[in-house]
Amino acid sequence: MDAWILRFPEPRQNMGDARELIVLKRNADGEVVELETLEIQGRHANLPNVVEGQVKQGRKRIILDLFSEKRLDSNDLAQLIGAVKYAGDAGGQVVFANPRSRVREILRLTHLEDVVSIYDSIGEAAEHFSASD
């Protein structure tokens, strides 16, 4: 079954408060295809709403790629928790992939890893969904 990847690329100059969020699809063959780029305001503003919208479009298995995140503050954590909650409430599931060591440590210290599955790579995260078929 397909998995949907949400990836924050490195911020570009001259975007002000806006930030991009790339939506990719990883099909059962492991092929990753970019579908669209969304522009959101703020660092993670409205991430829960974006995730909920993706689930309502039938994209129920979401991998949130955290590689570009070099740090997490309390607002970031609230956004991530909200994304997991909104997806679950809408009948979907979010897992995290590719966190850098500093981000992984914050997820561990805040016990978020007890609430959501965290994988070292997109491939491992996708295998999680394949195993649940």
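**Exercises on a predicted model**

K56 is exposed, with a relative accessible area of 61% (exposed is over 50%, buried under 20%, partly exposed in between, using a 1.4 Å probe and protein chains only). This is a predicted model, where local features need pLDDT of at least 70 and side-chain atom pairs 80 or more, while totals for chains, interfaces and linings use all residues. Residues are numbered from 1 along each chain, and side-chain values use heavy atoms, without hydrogens and water.

**Exercise 1.** Find the helix that holds K56.

*Solution.* Start with the element: K56 sits in helix α1 (helices are DSSP runs of H or I with at least four residues, numbered from the N terminus). Then look across to G91: its C-alpha atom is 8.4 Å from that of K56, although 35 residues separate the two along the chain.

**Exercise 2.** Describe how α1 and α2 pack.

*Solution.* First, take the geometry: the angle is about 25° and the axes are 8 Å apart (axes are lines fitted to C-alpha atoms over the stretch in contact, with angles from 0 to 180 degrees between N-to-C directions). Therefore α1 is roughly parallel to α2, a term for angles under 35 degrees. Next, list the residues: L47, P48, N49, V51, E52 and V55 of α1 meet Q79, L80, G82, A83, Y86 and A87 of α2 (contact means heavy atoms within 4.5 Å).

**Exercise 3.** Which residues does V51 touch, leaving out those up to four places away in sequence?

*Solution.* Going along the chain, the partners of V51 are L6, I62, A83, A87 and V94.

Note on methods
Helix = DSSP H or I, 4+ residues; strand = E, 2+ residues; numbered from the N terminus. Parallel < 35°, antiparallel > 145°, perpendicular 65-115°, else oblique.
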